[in-house]
Amino acid sequence: MTIMTARIASIILGGCLAVSVGSGPVFAVGNDSSTTPTCKKGEIYDQKTKKCVKQQSANVSDENRADYAYSLAKVGRYEEALAVLDTVKDKNTAEVLNYRGYATRKLGRTDEGISYYLQSVKMDPQYAKVREYLGEAYVIKGQLDLARDQLKSIKAICGTGCEEYQDLNAAILDPSKI
């Protein structure tokens with residue numbers, strides 16, 4: 001009887017551990033060393049309280065919303081990322097436009113993504129991340145000359161050692177890396 005009790009207890013404990021691991025926020029992974037957790041659909045990660053909160057009722061800054069949308073996009077939740085970006089009050093920032101471009105491009109709407117990237121570049125020509133993503137979009141379209149132009153711009157912004165330069169260069173050399 002004690003062996004049976006021990007087995008049942010270990011099964012229950014294992015189940016509780018599995019549920020607790022799956023119920024917390026999931027941390028976004030990607031090549032940008034993002035540490036913003038992602039929450040379940042309909043919630044947003046509040047950087048102040050360090051908790052997942054209801055997306056619509058949250059008193060969360062535009063910057064927080066944009067960062068969270070990007071975290072969603074980096075883990076493949078593109079539609080949700082766009083929905084969060086729709087809740088940003090000031091949609092006309094270089095970051096918001098870049099993240100919108102990223103999510104739409106990843107959904108296969110490359111031309112739409114490029115239009116957002118170009119708006120972002122116009123707002124902040126020194127924003128290397130948007131130039132990387134714009135260059136990747138050009139690679140997808142087979143416009144390697146335009147992608148190389150973005151690579152040159154990134155080199156002028158942060159040199160050849162920055163992540164944006166290295167990632168775009170790798171994409172130009174091997175488009176399957178996108």
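This is a predicted model: local features need pLDDT of at least 70, side-chain atom pairs count only at pLDDT 80 or more; totals for chains, interfaces and linings use all residues.
Me: What span does helix α2 reach from its first C-alpha to its last?

Reply: Helices are DSSP runs of H or I with at least four residues, and strands are runs of E with at least two, numbered from the N terminus. The expected span of a helix is 1.5 Å times one less than its number of residues. Helix α2 (residues 62-74) has 13 residues and reaches 18 Å, close to the 18 Å expected. Just after α2, Gly76 takes a positive phi of about 90°.

Me: Is α2 mostly covered or mostly uncovered?

Reply: Buried means under 20% relative accessible area, exposed over 50%, and partly exposed in between, with a 1.4 Å probe and protein chains only. Ten of the 13 residues of α2 are buried, so that the helix is mostly covered. Among them are Asn64, Arg65, Tyr68 and Tyr70. The cover includes strands β2 (37-38) and β3 (43-46), together with helices α3 (78-86), α4 (94-106) and α6 (128-140).

Me: How many salt bridges does a search of the whole structure find?

Reply: Side chains of opposite charge can pair when their charged atoms come close. A salt bridge is a side-chain nitrogen of Lys or Arg within 4 Å of a carboxyl oxygen of Asp or Glu. The search finds six. One of them joins Glu136 in helix α6 to Arg105 in helix α4, 31 residues apart, with the closest N and O atoms 3.0 Å apart. Both Glu136 and Arg105 are buried.

Me: What else surrounds Arg105?

Reply: Arg105 has a relative accessible area of 4%. A polar contact (N or O atoms within 3.5 Å, one able to donate a hydrogen and the other to accept it; residues adjacent in sequence count only if both atoms are side-chain atoms) of 2.9 Å joins the side chains of Arg105 and Tyr117. Beyond four places in sequence, the residues in contact with Arg105 (heavy atoms within 4.5 Å) include Thr110, Tyr133 and Ile178.

Me: Which side chain meets Lys129 in a salt bridge?

Reply: The partner is Glu132, at 3.1 Å from N to O. Lys129 and Glu132 are separated by about one helical turn because they lie three residues apart in helix α6.

Terms used:
Residues are numbered from 1 along each chain as its sequence is written. Side-chain values use heavy atoms; hydrogens and water are left out.
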